[in-house]
Amino acid sequence: RLDFPERLDTGALAPGGGEYVLHSVVSHSGTAASGHYVVFARPSLRRWYIFEDESVGECTADEAVREQSGQDAHARDSFATGRSPFLAFMLTYLREDMVA
């Protein structure tokens, strides 16, 4: 299980650090040899969207963030449906004071 915050304060980690907000989550399902990627992003930092192949749709923060952490409930649901779970592969954060 990998937990990642929607807000990240780097002030204690680096001089001049700041507050960052989660902008996107790239998730992968499958193995190292093959699989499928989807991107969850919130371009305006208000609403989350899922980008999957040719389709784009609105999604919840739970789908974009919490369900990508490998939590046990999500993994159980995935095994029940026969699909591999999507797990966070890469995160991007934007510095909060640079976002309008």
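Which residues form a nonpolar patch on the surface? The patch consists of Y37, F89 and M90, and together they have about 350 Å² of accessible area. Accessible areas here come from the Shrake-Rupley method with a 1.4 Å probe, and for residues only the protein chains shown count as cover. Patches are built from residues with over 30% relative accessible area and no salt bridge; like charges are joined within 9 Å, and nonpolar side chains (Val, Leu, Ile, Met, Phe, Trp, Tyr) within 5 Å. A salt bridge is a side-chain nitrogen of Lys or Arg within 4 Å of a carboxyl oxygen of Asp or Glu.

The model is predicted: local features need pLDDT of at least 70, side-chain atom pairs count only at pLDDT 80 or more, and totals for chains, interfaces and linings use all residues. Residues are numbered from 1 along each chain as its sequence is written, and side-chain values use heavy atoms, with hydrogens and water left out.

Start with the overall layout. The chain has two helices and six strands. From the N terminus on, the order is β-β-β-β-β-α-α-β. Helices (H or I, at least four residues) and strands (E, at least two) are DSSP runs, numbered from the N terminus. Of the 100 residues, 26% count as buried. Buried means under 20% relative accessible area, exposed over 50%, and partly exposed in between (1.4 Å probe, protein chains only). The chain exposes about 6600 Å², and carbon and sulfur atoms supply 54% of that area. Among contacts between residues at least 6 apart in sequence, 46% join residues at least 24 apart. Contact means heavy atoms within 4.5 Å.

Now go inside. In soluble globular proteins, nonpolar side chains tend to be buried together. In this chain, the largest nonpolar core has ten residues: F4, L22, V25, V38, F40, W48, C59, A64, V65 and F86. Strand 2 (19–30) and strand 3 (35–41) are the elements that give two or more residues to this core. Such a core is a set of buried Ala, Val, Leu, Ile, Met, Phe, Trp, Tyr and Cys residues joined through side-chain atoms within 4.5 Å. Take C59 as a way in. Not counting residues up to four places away in sequence, C59 touches F40, W48, Y49, I50 and A64.

A search of the whole structure finds one aromatic pair. The ring centres of Y37 and F89 are 5.6 Å apart and the planes stand at 75°, so the pair is edge-to-face. Rings of Phe, Tyr and Trp (its six-membered ring) pair if their centres lie within 6.5 Å; planes under 30 degrees apart count as stacked, over 60 as edge-to-face and the rest as tilted. Y37 lies in strand 3 and F89 in strand 6, so the pair ties together parts that are 52 residues apart in sequence. Strand 6 covers residues 87–95. Y37 is partly exposed, at 45% relative accessible area. F89 is exposed, at 56%.

H28 contacts both partners of this pair. H28 lies in strand 2 and counts as buried, at 15% relative accessibility. Leaving aside neighbours within four places in sequence, H28 is in contact with S34, G35, H36, Y37, P85, F86, L87 and F89.

Finish in the loops. L45 has a positive phi of about 65° although it is not a glycine. L45 is found in the loop between strand 3 and strand 4 (48–52). D53 also has a positive phi, of about 55°, and is not a glycine. D53 lies in the loop between strand 4 and strand 5 (55–59). At 59% relative accessibility, D53 counts as exposed.
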